[in-house]
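Have the sequence and the 3D view open side by side as you read. We will go from the whole chain down to a single residue.

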There are 2 protein chains.
Amino acid sequence: MSKNTIPLPLGFLASGIHAGLKSNGKLDMGFLYSSKPAVWAGVVTKNAVKSAPARRTETLLQGRKPLRTVVVNTKYANDLTGLQGYKDVLDTAVWAATLLKIPAHEVLVHSTGVIGVPIPRPKIKKGVQLGIKALSFSGGDDFSRAILTTDLVIKSSARSLTINGSRVWMMGFAKGSGMIHPNMATMLVYILTDAAISRPLLDKALREATDMSFNRITVDGDTSPSDSVVVLANGASGAKTITQPGADYRAFVEALKGVSLDLAQDVIRDGEGATKFVTVTVQGAKKDSEALLAAKAIAHSPLVKTAVFGADPNWGRILTAVGYSGAAVDEFKAKVSIGGYVLYDGQPRKGWSRAKLKKILQQKDVTILVDLKLGKGKTTVYTCDLTDGYIDINGRYTT
Amino acid sequence: MSKNTIPLPLGFLASGIHAGLKSNGKLDMGFLYSSKPAVWAGVVTKNAVKSAPARRTETLLQGRKPLRTVVVNTKYANDLTGLQGYKDVLDTAVWAATLLKIPAHEVLVHSTGVIGVPIPRPKIKKGVQLGIKALSFSGGDDFSRAILTTDLVIKSSARSLTINGSRVWMMGFAKGSGMIHPNMATMLVYILTDAAISRPLLDKALREATDMSFNRITVDGDTSPSDSVVVLANGASGAKTITQPGADYRAFVEALKGVSLDLAQDVIRDGEGATKFVTVTVQGAKKDSEALLAAKAIAHSPLVKTAVFGADPNWGRILTAVGYSGAAVDEFKAKVSIGGYVLYDGQPRKGWSRAKLKKILQQKDVTILVDLKLGKGKTTVYTCDLTDGYIDINGRYTT
């Protein structure tokens, strides 16, 4: 969702600036700031190779202390940069902390971009000064632009909810269009709320929301060493603090899920080279976990994704992907439909129309439904098509 | 390897004909025949969804009876065709068996092509008649053409060896350029030999050879429901029968490995849209199995494969893939080189030249070496780059 002006929840400031990292003059550093120390939770990439910022994020999460600010550069991932990379992350935090007069552990430093290249320290240091100076109530739009890399559109989503009579706001920003795959390791996501919530419940809420959103999307199956989802709750709304899993908590989780799913779907719509949004639902699996295996295999199959791109009515590739997914499947029971058009039900549908299927596949949103008819396991994942645009983008990313 | 005339081992005949299945007039049915019943072994796709021919192949393998002939059509996969597909396979075998005056269980029927479409019985029946009539000593070349689908070149390889003083020949044919992934389920491969060998040893030899060749290649990670590797040994050379695992058996296995690796590499060189051949070696893993996980993750990464295509010096994607492979990795120990040029050794190589790496990546053969420095596990896999050609082929395969 793209907007001209993005209102931030109470007590938050944001900015996005050009620090001279990107040669095309685009915004390349983003900043978030909370006037009150914010309770926070995060989910970090599961890739065994982690960037220096990702490892520091894990360490800060273990420290369980509040957070005040986030500094993001979107040109240098600071991954595979050796010990120097760790020093550079820490120094970046210190530069920001010194200017803001807060402890360095209240500064989260993130990055995304080229792997294996050390950050240019003088430019980053200068960028931190510029970015902190630029922090404002209306800086959300610049922030959402500054965190982009190969993304074509900004991604943000907001919800408001009432907690015990008080209005609270939640707003999320995401970056990501490649290296997108279930199990986190997906992108950079920042969700800000002026609700007040205990840290254990915020952590639980984030895991619930992530599981139904960011862990259900795939662009190319590659998982990045950098990416993270964090949520900051600063309580500036004055609403009652959520401390137990009752109705207020459920309302909070629903809002968080809503924002997360919006952002996750926006990432897919903006998938590198994507021309189509594909919803894959598998039901009737023996277990939910098998439904997920099957749905991911379909969503990840280059053959399914290229067929969707070319509107090639090659529906057989769908059950083929289920076949190697690890999920139990009986081809004499399974049913496959695309856009509601049944193509196979234990056997091929007699007289199915290639022209009709082609028309369905030519639409921008394509829905694939597989009913395995073996049990009650069910899930939905989201993906995009695989196109020559993807090849083009990734064949010359660093050059 | 492409040749004008392909000599067959003794006692074998082959043919390839146009049965009117493919609209472009290309050969679309292939036939093999052994004048003596041949001992045989096979490896069939691990996809849980199997084509009717693949399931019948499994059944025949369990029957442990000799084989006389192979009938292949390369337009209709006969997969996801319901019970009719099973009837069609059996009838095809009966049509050939009746003409050849042999039992139907001596006829292997294979197919590859479009999924979910029943075979055109009259055309196939007529094709069987034509193909059997055309069988000849010099039909290997036509056979190797007839089994192709999206392949650009024929794939064959031969070896001769001496068993107890007698000369024997071995010749292999392969088809396959998409849906190629480790763990079988890769393609159609036929290896013929006039050596004599016991069935259990032939089976063991095929598994050894497959593990080091066809299970070490990946084009797109999709595994097909149709594909099989079979080896037929008819003993027509008159050489002593190999009945125990001594020197003769080892010589046989080496020849079989040689033919298999030639064919596997030819499949990669002919990968759909491929412009480059990529050898990925991982050493220093904790175990061989972890080396294989890591090597497959690299070989399967769309980001690595597009970078190789575009000669984009983005070497960081290699260790990133290892990071999500499941293999143990320590980024402060690991070493990465491309084409012998070390880029990372616990930290990025200082002053590495983008221009030099780009030049290495622009070559047709690219070698990636990762040393994890954690143990003695080692393996090599083969893949190709991911290109807009792949998208183009698979976006309009059925149309």
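This is a predicted model: local features need pLDDT of at least 70, side-chain atom pairs count only at pLDDT 80 or more; totals for chains, interfaces and linings use all residues.

Residues are numbered from 1 along each chain as its sequence is written, while chains are lettered from A and ligands numbered from 1 in the order in which they are written.

**Chain A as a whole**

Chain A contains eleven helices and 14 strands; helices (H or I, at least four residues) and strands (E, at least two) are DSSP runs, numbered from the N terminus. With a radius of gyration of 22 Å, close to the 21 Å that the globule rule gives for 399 residues, chain A is as compact as a globular protein of that length. That radius is taken over C-alpha atoms, and the globule rule is 2.2 Å times the number of residues to the power 0.38. Along the principal axes, the C-alpha atoms of chain A fill a box of roughly 70 × 55 × 35 Å.

Of the 399 residues in chain A, 61% are buried. Buried means that 20 or more other C-beta atoms, placed from the backbone, lie within 10 Å of the residue's own. Chain A is divided into domain 1 (12-269) and domain 2 (277-395), with bounds from an automatic or database domain assignment. The C-alpha centres of these two domains of chain A lie 33 Å apart.

**Strand partners of S10(A)**

Two strands pair if DSSP finds at least two bridges between them. Here are two partners of S10(A), residues 277-285.

| Partner strand | Sense | Bridges | Example of bridge partners |
|---|---|---|---|
| S13(A), residues 365-371 | parallel | seven bridges | Val282(A) and Val370(A) |
| S14(A), residues 377-384 | antiparallel | seven bridges | Val278(A) and Thr383(A) |

**Two places in chain B**

Which helix of chain B is largely enclosed by the rest of the structure? Helix H8(B), residues 302-310, is, because nine of its nine residues are buried. Among them are Pro302(B), Lys305(B) and Phe309(B). Just after H8(B), Ala311(B) takes a positive phi of about 50°.

Now find Ala239(B), in the loop between strand S9 (228-233) and helix H6 (247-269) of chain B. Ala239(B) is buried, with 21 other C-beta atoms within 10 Å. Ala195(B) is 44 residues from Ala239(B) in sequence, yet their C-alpha atoms are 6.2 Å apart in space. Leaving aside neighbours within four places in sequence, Ala239(B) is in contact (C-beta atoms, placed from the backbone, within 7 Å) with residues including Ile163(B), Val168(B) and Ala195(B).

Technical notes:
A residue is buried if 20 or more other C-beta atoms lie within 10 Å of its own, exposed if 12 or fewer, and partly exposed in between; C-beta atoms are placed from the backbone. Two residues are in contact if their C-beta atoms, placed from the backbone, lie within 7 Å.
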